[in-house]
Amino acid sequence: MEGISHRMVKVNGIDMHIAEKGRGPVVLFLHGFPELWYTWRHQILALSSLGYHAVAPDLRGYGDTEAPASSSSYSCLHIVGDLIALIDYLGVEQVFLVAHDWGAVIGWYLCLFRPDRVKAYLCLSVPYMPRNPEMKPVEGMKLAFGEDYYMCRFQEPGVIEEEISRAGTAEVLKKILTGRTPGPPRLPKENPFGIYPENPITLPSWLTEADLSFYATKYSQKGFTGGLNFYRALDLNWELTAPWTGAPLKVPVKYVVGELDLVYTTPGIKEFVSSGGFKHHVPLLEEIVVMEGVGHCINQEKAEEISNHIYDYISKY
């Protein structure tokens, strides 16, 4: 990938793989599920050419980074601990943060726990959702969206892994990465991923067979359990973050989302973002951008536009 270099670094007791390119202020990119550092390939090239040191790790449990077995090793404290150790390893006091999907959730935790280490945050897809002290998240999701809601279906170890195995790694990845069905996503017991061999998915222009092969090869080697463990730690995160209930986010933020994003189209999210609730909890929220006709994998689908949004935002600081 045109000069992107790779190395393993020791962080917080695990071996982490990072992809990087360029010199200058650090832009730290955090990927989501089921993705890898590779989701940021276009932004790494773009930002490194503009005078930045672009760094994209495989998060704990993903790709070439170590994957502890227990889901209790995937709490927000573990993941943010990995990132603080990485920032220290890079030898900088602060980073520009860019994150998507689960990476965005971890990004919010990083800003909540250690705002001193983040200069500004460009968040894609997942807005900050304040902790509800009255109910654990998995229970709340079951009540709101039913047992088949994807985060609920991900909870029991081994079950969804077996269903992915039956459906085929590459087919499941293709379905998730190209999906444009409005939220909330549900995975029924029968054919949970909606894969029909007689009606194959045509890849969009922004996702090539080579791209899909890269993801599929890594997941075939590593499996999905590491990434799924982030979901399995949701209730644990709720318990651990009780001290931060009601705490405001004290980092400058720009939020960018596709209007067809499965998160943004989940009932309640669009209203939360637009009504002032989001701004209330993130007082330094500077801008909200909703991109028309764009789905969830926004940084790949609209790679050049997202790179421009990042540069336009962080170049102010």
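This is a predicted model: local features need pLDDT of at least 70, side-chain atom pairs count only at pLDDT 80 or more; totals for chains, interfaces and linings use all residues.

Me: Which side chains does the side chain of His-296 meet in polar contacts?
Reply: One is the side chain of Asp-101, at 2.7 Å. Another is the side chain of Ser-125, at 3.3 Å.

Me: Where is His-296 found?
Reply: His-296 sits in the loop between β8 and α13 (298–301).

Me: Is His-296 buried or exposed?
Reply: The cut-off for buried is under 20% relative accessible area. His-296 has 9% relative accessibility, so it counts as buried.

Me: Which residues does His-296 touch, not counting residues up to four places away in sequence?
Reply: They are His-100, Asp-101, Ser-125, Asp-261, Leu-262 and Val-263.

Me: How do I read the backbone at Asp-101?
Reply: Start with the general idea. Most residues other than glycine have a negative phi, and most peptide bonds are trans. Now the case here: Asp-101 has a phi near 60°, a positive value. Asp-101 is found in the loop between β5 and α3. With a relative accessible area of 8%, Asp-101 is buried.

Me: What is the phi of Asn-191?
Reply: Near 50°, again positive in a residue other than glycine. Asn-191 lies in the loop between α7 and α8. Its relative accessible area is 31%, so Asn-191 is partly exposed.

Me: How do I read a sheet?
Reply: Begin with the pairing. Strands of a sheet pair through backbone hydrogen bonds, either parallel or antiparallel. Here eight strands form an open sheet with mixed pairing, in the order β1-β2-β4-β3-β5-β6-β7-β8.

Me: Why is one side of β1 and of β8 left without a neighbour in the sheet?
Reply: β1 (5–11) and β8 (285–291) stand at the edges, and each has a single partner strand, so one side of each has no neighbour in the sheet. On average, neighbouring strands of this sheet are turned by 20° against each other, direction ignored.

Me: How many bridges join β3 to β5?
Reply: Four, between β3 (residues 26–30) and β5 (residues 95–100), and the two strands run parallel. Leu-28 has Leu-97 as its bridge partner in β5. Three bridges join β3 to β4, also parallel. In β4, Leu-28 has Val-55 as its bridge partner.

Me: Are the faces of β3 covered or open?
Reply: Both are covered. Val-26, Leu-28 and Leu-30 are buried on one side, and Val-27 and Phe-29 are buried on the other.

Me: Which strands does α3 touch as it packs on the sheet?
Reply: α3 touches β3, β5, β6 (118–124) and β7 (253–258). The direction of α3 makes about 150° with that of β6. Helix α14 (residues 303–314) packs on the sheet too, touching β3, β5, β6, β7 and β8. The direction of α14 makes about 155° with that of β6.

Me: How do I check the span of α3?
Reply: At 1.5 Å a residue, the twelve residues of α3 (residues 102–113) should span 16 Å. The end C-alpha atoms are 17 Å apart, which agrees. Eleven of the twelve residues are buried, including Trp-102, Trp-108 and Phe-113.

Me: What does the side chain of Thr-178 reach?
Reply: A polar atom of the Thr-178 side chain lies 2.6 Å from the backbone oxygen of Lys-174. Thr-178 is found in helix α7 (residues 169–178). At a relative accessible area of 16%, Thr-178 is buried.

Key:
Residues are numbered from 1 along each chain as its sequence is written. Side-chain values use heavy atoms; hydrogens and water are left out. Buried means under 20% relative accessible area, exposed over 50%, partly exposed in between (1.4 Å probe, protein chains only). A polar contact is a pair of N or O atoms within 3.5 Å; within protein, one must be able to donate a hydrogen and the other to accept it, and residues adjacent in sequence count only if both atoms are side-chain atoms. The expected span of a helix is 1.5 Å times one less than its number of residues. Two strands pair if DSSP finds at least two bridges between them. Axes are lines fitted to C-alpha atoms, for helices over the stretch in contact, and angles run from 0 to 180 degrees between N-to-C directions. Contact means heavy atoms within 4.5 Å.
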